[in-house]
Amino acid sequence: MDLLVDGFAKAIALLTSLDQEVLAITLLSLKVSVTATLISLVLGISSGTLLALADFPGKRLIVSIVNTGMGLPPVVVGLFVTIFLWRNGPFGYLDILYTPTAMIIAQAVIATPIVCGITVASIQNLPPNLRLQILALGATRLQMVLILIKEARLPLLAGVMAGFGGVISEVGASIMVGGNIKGYTRVLTTATVMESGMGNFDMAFALSIILLLLCFAINYLLTRIQQRERPR
Amino acid sequence: MKIWKQFSLLLAAVTACIAFGLPAPASAASKSIILATTTSTQDSGLLDVLIPIFEKESGYLVKTIAVGSGQAMAMGMKGEADVLLVHSPDAEKKFMAEGFGTTRRLVMHNDFIIVGPASDPARIRSAKTSVDALKRIAQSGSLFLSRGDNSGTHAKEKGLWKGAGITPAGQKWYQQTGLGMGLTLNVAAEKKGYTLTDRATYLALRKNLGLAILMEGDAKLLNVYHVIELNTAKWPKINAAGGKAFADFMVSRKTQEVIGKFGVKKFGSPLFFPDAGKKPETLGL
């Protein structure tokens, strides 16, 4: 129990004193995960909408694959991305292994199926005749798609939260492709693993609290946007 | 649609933050080296002291990948590192013989110790040698935690078991964590088991552990660290100049002094003993 009290006190001390290193680690976590989430939104919402609206043989199979991808284990993604980014691997010439860029790529791979799967479900959950109505009112196909996405915004925002929550909290991929390099690719989760490995449980606990606060702040913001305007 | 305006504003703000704030990887990548090393050099805090000095002097960005010595050498064999700092002498000799490294220089040593609960159920405190201690642990069936990760420490441990003529794998009292040294020590403390550890990691973590040193000082328990430069003939993409700069830095007189003083203030004794330039025979290798 002492540990919890110590850790909490340390978290508050670190936050109030604006410890440079912890601040940098927190900002990097935010940058990497937000960028990855943004990329996954572009990829996931567009592919998810396409998947929900188009009809083609094998659609069920593809949707099941996407839904499986929602639970993609971060270490598996980390391993694959590492193999691809190795110097002597297919994308070695990019020279981005053990950089924040590599972490963004890995996290985007983790978040995209989550966003895509939730997009498919939310678009398909709209009233089936809505499409016909919109088209009957003279909308172009592109306008129709945009209106459908707009109509599905509440569950889509839930998808954003799920995607972001998935990547800010993952450690397996970040530590493999980022390497937990001090001052360069060390993020909150990898620092927590390292500090607990070094027996600094109070520090590890303090970092966890900062991570939780960060998640809460982002989700609070998104929830406010989501709940401001309920569909009537 | 107010909500979309808000949402896009938020997106724009976040994107701006990221665009301005992300470190530029391109500039860093051209002058960086990958150091593959063992967990003990990181968990003890030594690298946190040395790396900033080297980065400042040389201008290289060091990407430290702290894994076990076995994995570090595997990275070297695949050309995925530029320089190694490892402590698994037998495996290192094989590594050099196969032509993966160009030079291998002695950097420092400390020693391995066997730690365990102060109650010492296997009575290894009175054992004369490390091999004898392991025999007693096996005979009494006391829990022993192994790294099980092909690290330098794990290699040493396997050598000791072999010397004792015991095959511990598969025994009920023998558990492999597959974790780094720091975490393995924590598991041993939690389960009240014995484990083999390097002294530096143990001293750095001692305050939270409640494990006692039960066997030390045996010549077989020597723990020697070498820095290895890698062979560009095998993998042309290796940054040999950067690797050499780091290796030279590790054996320089100034760095050796820093190594010798590291931990003295905090633990009362050094965690590593500098050995650069010494002949391996003087250490009893």
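This is a predicted model: local features need pLDDT of at least 70, side-chain atom pairs count only at pLDDT 80 or more; totals for chains, interfaces and linings use all residues.
Tutor: The expected span of a helix is 1.5 Å times one less than its number of residues. Residues are numbered from 1 along each chain as its sequence is written, while chains are lettered from A and ligands numbered from 1 in the order in which they are written.

Student: How far does helix 11 of chain A reach from its first C-alpha to its last?

Tutor: Helices (H or I, at least four residues) and strands (E, at least two) are DSSP runs, numbered from the N terminus. Helix 11 of chain A covers residues 201–228, which is 28 residues. Its expected span is 40 Å, and its reach is close to that, at 40 Å.

Student: How many helices does chain A have?

Tutor: The pattern along the sequence of chain A is α-α-α-α-α-α-α-α-α-α-α. Chain A has 0 strands, and its helices number 11.

Student: Which helices of chain A are among those covering the buried residues of helix 11?

Tutor: A residue is buried if 20 or more other C-beta atoms lie within 10 Å of its own, exposed if 12 or fewer, and partly exposed in between, with C-beta atoms placed from the backbone. Buried residues of helix 11 include Phe205(A), Leu207(A), Ile210(A), Leu211(A) and Ile218(A). Contact means C-beta atoms within 7 Å. The cover in chain A includes helix 1 (2–16), helix 2 (20–53), helix 8 (153–168) and helix 10 (188–197).

Student: Is Lys93(B) buried or exposed?

Tutor: Lys93(B) sits in helix 6 of chain B. There are 12 other C-beta atoms within 10 Å of Lys93(B), so it is exposed.

Student: How many residues does domain 2 of chain B give to its contact with domain 1?

Tutor: Chain B splits into domain 1 (33–110 + 225–283) and domain 2 (111–221), with bounds from an automatic or database domain assignment. The centres of the two domains, taken over C-alpha atoms, are 25 Å apart. Domain 1 of chain B gives 20 residues to the contact, and domain 2 of chain B gives 16.

Student: Which elements give two or more residues to the side of domain 1 of chain B that touches domain 2?

Tutor: Three elements of chain B qualify: helix 3 (39–43), helix 5 (69–77) and helix 6 (89–97).  That side of domain 1 divides into 5 nonpolar, 13 polar and 2 charged residues.

Student: What ipTM does the predictor give the complex?

Tutor: The mean pLDDT of chain B is 89, and 89% of its residues reach 70 or more. Over residues 23–29 of chain B the pLDDT is below 50. For the complex the predictor gives a pTM of 0.85 and an ipTM of 0.80.

Terms used:
Two residues are in contact if their C-beta atoms, placed from the backbone, lie within 7 Å. Ala, Val, Leu, Ile, Met, Phe, Trp, Tyr, Cys and Pro count as nonpolar, Asp, Glu, Lys and Arg as charged, and the others, Gly among them, as polar. pLDDT is the predictor's confidence in each residue, from 0 to 100.
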